[in-house]
Amino acid sequence: MRYTLSETWSGIKSNISMTIAVIVTMWVSLSLFGAGLLAYQQVELMKGGWYDKIEISVFLCNADSTGDNCTPGEDVTEDEKAAIEQTLRENPEVAEVHHETKEEAFEEFQKAFAGTSMEGTVTVEQMQESYRIKLVDPEQYEGVVSAVVGMPGVQAVQDLREVLDRLFEWLGLLQWGTVIASALLLLAASLQIANTIRMAAFARRREIGIMRLVGASNFYIMLPFLLEALISALIGAALACGTLALGMQFLIRQKAQVLIQASPWIGWQHAGLAMGGVAIVAIALAIIPTLVATRRYLRV
Amino acid sequence: MHPLIGGAAALDSGHVIRFQDVTKTYEGQRRAALRNIDVEIEAEEFVFLVGTSGSGKSTFLRLILRELRPSSGSIHVAGRDLNRLPSWKVPGLRRQIGMIFQDFRLLPGKTVYDNVAFALQVIGRPRREIRSKVPETLELVGLGSKGDRMVEELSGGEQQRVAVARAFVNRPPILIADEPTGNLDPATSVGIMKLLDRINRAGTTVLMATHDSTVVDQMRKRVIELDDGELVRDQTKGVYGYQ
């Protein structure tokens, strides 16, 4: 064991510039990978939070509204309303239907624009009646929208998800971008580890030759290289975890969370998951390239 | 018998190396490097393996070490059927065989003691055992007072003695020497041969590949001769060439 440790140490020392290069590459790529994991969890969290809140709004015609399904100058009739409500309630995708009257809409408007120049610019009569719908599965909104969008008396169907989906599309792109960039960097890191270990094994090929000759086990021969790679990878992983913790504290908890309070934000438990992922990938990235790189020296 | 020798792991009586109809053809080559070799080497024998370069001596030795596998036929070494020996048991086989080379293959930058101790360290022997066996073996090869010297400071003959000590420190039942006197002057060669003879008399089987006719003629041991991959002579108390 003493021999193994001293060999590991001398390997690291004689290869110090390569070891540092490996550590830095591991640090950057694992940080990016961890950030990707955090971003993924954040987007999932936001999807959950926002999808829960949003609903489909079916706006009904009033005297001022224009649209293919409205009779100009007239409010929606009671019959039309009943037909729309029935269609909604019979749809299996619909969990809840709430009818918002003109008065309620007016109150909402007054509340939303209180103290602004918009306050008092509209009357109760100008407001639109609407149905507010919650869905069983927030992802399945198209069926409900298409069921009511052409019905007489429906002025417009507003679905926030259409807006949000575009946002999430961009966020998804960002997620994948991070994952792909970090995968490329991790590939570079693993190749660098393989090269470092190959060089170290080449430098010690005399010793390895004698070890094989006198009957040292493959595991024993490989152990110093494995330890060398593991130490570099774990230092890189520790630095990456530190970077993630700093980012978490200063970017998320002190900036983003304060700035946008409406959105749910990832916490330390999510950061812990990401760091766990970083550690596992770091260990795999140390072991696999080392096994590949030393294989040709260990073939019996 | 030298009082320090002994303790070489005794094998069951009978052969320690047996080739049965062994043929080895290297990949991509039409001519076989060894053809239909049948040979048995008994425990405690001293055997010379002679033949010109390219006659198949190296292939023969590498087959014993299981660095190569035969194309056909079977090889038994130290009670193991090498065709059935899984890779992970190859280190166990090699612990039964001490190996010496023409170019010594010592580790430069290490002392004589460390070079010999290395062979025990890397197979995980306890430090106590190393501390007793290494000086004992250095004493045996006549380097008892030179343990602290760097190997590159030694003469060729002394370096080969270090190599013998390293090969023998684990007391293997088989010692294989590949041209051990090839880089040494005749007087020094005699010293190395005396050392190998002593190790052999203490119960270790010695197989030595050589070009050195003087050495073979002096020793009068069994001679196996390979020529172009075929076994052309197996003679007890032989000499290098036919008389």
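In this predicted model, strands β4(B) and β5(B) form a hairpin with 2 residues between them, and within that turn A78(B) has a positive phi of about 50°.

The strands concerned are β1 of chain B, residues 15–24, and β4 of chain B, residues 72–77, which pair in the antiparallel sense over 5 bridges. The strand pairings of chain B are set side by side below.

| Strand pair | Sense | Bridges |
|---|---|---|
| β1(B) and β4(B) | antiparallel | 5 bridges |

Turning to the interface, 12 residues of chain A are in contact with 16 residues of chain B. On the side of chain A that touches chain B, helix α7 of chain A, which spans residues 205–214, gives the most, with 6 residues. By class, that side of chain A has 8 nonpolar residues, together with 2 polar and 2 charged ones.

An annotation from the UniProt record also applies to chain A: an unreviewed entry lists residues 180–296 of chain A as "domain: ABC3 transporter permease C-terminal". In the model, residues 180–296 of chain A are 90% helix and 0% strand, and the end C-alpha atoms of this span lie 31 Å apart.

Methods. Residues numbered from 1 in each chain as written. Chains lettered and ligands numbered in written order. Predicted model: local features only at pLDDT ≥ 70, side-chain atom pairs only at ≥ 80, totals over all residues. Contact = placed C-beta atoms within 7 Å. Helix = DSSP H or I, 4+ residues; strand = E, 2+ residues; numbered from the N terminus. Nonpolar A, V, L, I, M, F, W, Y, C, P; charged D, E, K, R; others polar. UniProt positions renumbered as here; feature names shortened; annotations may be inferred. Pairing = 2+ DSSP bridges.
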